[in-house]
Amino acid sequence: MSNSLTRFVSKGARYLYLHLWQYRTIEGVHRRRVEQVARRGHARVVFFAFSVPLWKYQHLYEALAADERFTATIVLSPPIDYDDDIKRHDLAALRDYFDKRQIAYVDYDVDSCEPPYDVKGRLDPDIVFYPQPYEHLLTPKHDCMAFYDRLVAFYPYSFMTGNGKFNYDFHFHNLAWRLYYACEEHLREAQTPAWNKGRNVRVVGHPNGDDFAAWRGRDPWKKIDDGRERKRLIWAPHFSFVDKFGQLPRANFLWTAHFMLDMAQRYKEFLQIAFKPHPRLMTELYNHPEWGREHTDAYYRQWAEMENTQLETGEYVDLFMSSDAMVHDCASFVVEYYYTHKPVMYISRDIEHFLVGQTALSREAFSHLYIGKDEYEIRDFIETVVMGGEDPRLEERDAFYRRYLEPPAGRTVARNTVDDLVTSLRLPQ
């Protein structure tokens, strides 16, 4: 049998197994686990974490850790395809994040020859929260594929602005027990592409809303002691240079990289810029034929060391809230920056093409942003909106915020989630 025929038969067998068996039986698996938890009156919960920017569960973890009906454990586990140096960096940042908060966690050693921590055997979780909805993301002992016999749950790591399979119809979406989504529009969008028609979706609000609401004025910006007041701009480039992971390519970094450095140098007396790259960008640049490790490291180092710039690779709520504006092409930030009520430019050379197939909610979110298709438009945004203070789209962004981003029932996202867990698991009230 040829390799192509073997792959075709294997793919067909996988499809039949999922759609004729696993998808149809998973709800029964969930019911049996819920019965066990209800009889016990207590649920064991595990949160996997692999980077600070994608850790969306802090408020939920704190709520569950303080509730005697739950035992909550955090397990560090980096994506298996990340460069080892990046794994070490991200794990060190996570350790620092949790240590500062005096939160215990199960650690991960990139250099150890020992097998990864046996979460299923040693913690025996009932509920497992994942940072992303992708299979083959973590080491096999931690990957979601090893836990579909438990109650897999998920907060989207960004406010979803796309539709179709990528956001709503992976195997994960159909096999998870709970998908906690931000708004009713996301529930309606899930009901068409998802095999299970979104029966496992609950609307609780966007988890980052709790982070922004809890901001206490911390200022992470570099101090420049020359007596000048500078506007603070965030530049957050995405990593997708090719059609990968089912996403449209956004190769803007390749043509904006040195232009944005030039903006920082040209306006150094009036502007500070924080370089906030996607966590995967460094890995992609290491593998890019025109960049590589040496060029990439030197570029990142330049942003870290220039007088009026800084490199930001960790948590970003403080950075966002204390900024004046942002330029980016990360879908996850399209809506999240709305929480700041500050002006934002999305970079796209062909926004109409990019928006093809997007939902009405997504198109509305983009319609209130400034769009930059070339260097001239980015420079004009920096000069007119950021440094000049002109922001004619403020009121329409605020209206969007009130309509879509305020959490249901006037409660926090964490509280809405805990309430659903207690009710769904039939735990003591």
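1. The crossing of helices α9 and α11 is left-handed. This is a predicted model. The contact draws on Phe253, Ala257, His258, Met260, Leu261, Ala264 and Gln265 from α9. From α11 come His295, Tyr299, Gln302 and Trp303. By type, the contact residues are 7 nonpolar and 4 polar, with no charged ones.

2. Now the geometry of that pair. Helix α9 spans residues 252–266 and helix α11 spans residues 292–305. They pack at an angle of about 30°, and their axes lie 11 Å apart. Angles under 35 degrees count as roughly parallel, so α9 is roughly parallel to α11.

3. The largest nonpolar core has 69 residues. Phe47, Ile127 and Leu425 touch the most other members. Strand β1 (residues 43–49) gives this core its largest share, 6 residues. Another core, of 36 residues, lies apart from it; Met260, Leu285, Ala325 and Met345 are among its members.

4. Leaving aside neighbours within four places in sequence, Phe47 is in contact with Trp55, Tyr57, Leu60, Tyr61 and Leu64 among others. Its contacts also include Ala72, Thr73, Ile74, Val75 and Phe129.

5. Met387 sits in the loop between α16 (375–386) and α17 (394–404). Its relative accessibility is 24%, so Met387 counts as partly exposed. Beyond its neighbours within four places in sequence, Met387 is in contact with Lys231, Tyr267, Phe270, Leu271 and Ile382. Met387 and Thr296 are 91 residues apart along the chain, and their C-alpha atoms are separated by 29 Å.

Definitions and conventions
Residues are numbered from 1 along each chain as its sequence is written. This is a predicted model: local features need pLDDT of at least 70, side-chain atom pairs count only at pLDDT 80 or more; totals for chains, interfaces and linings use all residues. Side-chain values use heavy atoms; hydrogens and water are left out. Axes are lines fitted to C-alpha atoms, for helices over the stretch in contact, and angles run from 0 to 180 degrees between N-to-C directions. Helices (H or I, at least four residues) and strands (E, at least two) are DSSP runs, numbered from the N terminus. Angles under 35 degrees count as roughly parallel, over 145 as roughly antiparallel, 65 to 115 as roughly perpendicular and the rest as oblique. A crossing is left-handed if the near helix is turned anticlockwise from the far one by less than a right angle, and right-handed if clockwise. Contact means heavy atoms within 4.5 Å. Ala, Val, Leu, Ile, Met, Phe, Trp, Tyr, Cys and Pro count as nonpolar, Asp, Glu, Lys and Arg as charged, and the others, Gly among them, as polar. A nonpolar core is a set of buried Ala, Val, Leu, Ile, Met, Phe, Trp, Tyr and Cys residues joined through side-chain atoms within 4.5 Å. Buried means under 20% relative accessible area, exposed over 50%, partly exposed in between (1.4 Å probe, protein chains only).
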